[in-house]
Amino acid sequence: WAVELVLKPGSPGIDDFNRLAAECFARAPGCPTGRLAIVVDDDVLTAPAIQTPEFVRDQIIISGDFSEAEARELAAGIALSAVLDGLALESVTVTS
């Protein structure tokens, strides 16, 4: 199971996400682990490794060894995190 994100164009949206992705991909001082944590209420839901410096706004996939329930919980957490952090999320879906 995986979680697919679609971000809105521009800023806030894919432009802001790609700035973070580039920093993590380069393992810059602000993201030395190369992972981008998704956090809600101080709990890290997941911290996927960033495997490219730039993403297309409708082709962002978070994959892993998720069960369907875990993927659905992650999708709900991402939606909540987007609201709390002001990320311009257009949609989030769960796929198998």
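What share of the contacts in the protein with a separation of 6 or more comes from residues 24 or more positions apart? In this model, that share is 67%. Please keep in mind, everyone, that we are looking at a predicted model.

Let me start with the layout. The protein has 2 helices and 5 strands.

Now the overall dimensions. The C-alpha trace spans about 35 × 25 × 25 Å along its principal axes.

The accessible area of the protein is about 5800 Å², and carbon and sulfur atoms account for 51% of that. As for charge, there are 15 negative side chains and 6 positive ones. The centres of these two sets lie 5 Å apart.

Next, let's go to the aromatic rings. The structure holds 1 aromatic pair. It is formed by F17 and F55, with ring centres 5.4 Å apart and planes at 70°; the angle is over 60°, so we call the pair edge-to-face.

A few backbone details are worth a look on your screens. Find S11 and P12: the peptide bond joining them is cis, with omega at about -5°. P12 is in the loop that runs between strand 1 (2–7) and helix 1.

Then turn to the loop between strand 2 (38–40) and strand 3, where you will find D41. D41 is not a glycine, yet its phi is positive, at about 50°. D42 lies in the loop between strand 2 and strand 3 as well, and this residue also has a positive phi without being a glycine, here about 65°.

Are these two aspartates buried or exposed? D41 has a relative accessibility of 63%, so it counts as exposed. For D42 the value is 76%, which means that D42 counts as exposed too.

Definitions and conventions. Residues are numbered from 1 along each chain as its sequence is written. This is a predicted model: local features need pLDDT of at least 70, side-chain atom pairs count only at pLDDT 80 or more; totals for chains, interfaces and linings use all residues. Side-chain values use heavy atoms; hydrogens and water are left out. Helices (H or I, at least four residues) and strands (E, at least two) are DSSP runs, numbered from the N terminus. Contact means heavy atoms within 4.5 Å. Accessible areas come from the Shrake-Rupley method with a 1.4 Å probe; for residues, only the protein chains shown count as cover. Lys and Arg count as positive and Asp and Glu as negative; His and the chain ends are not counted. The place of a charge is taken as NZ of Lys, CZ of Arg, CG of Asp or CD of Glu. Rings of Phe, Tyr and Trp (its six-membered ring) pair if their centres lie within 6.5 Å; planes under 30 degrees apart count as stacked, over 60 as edge-to-face and the rest as tilted. Buried means under 20% relative accessible area, exposed over 50%, partly exposed in between (1.4 Å probe, protein chains only).
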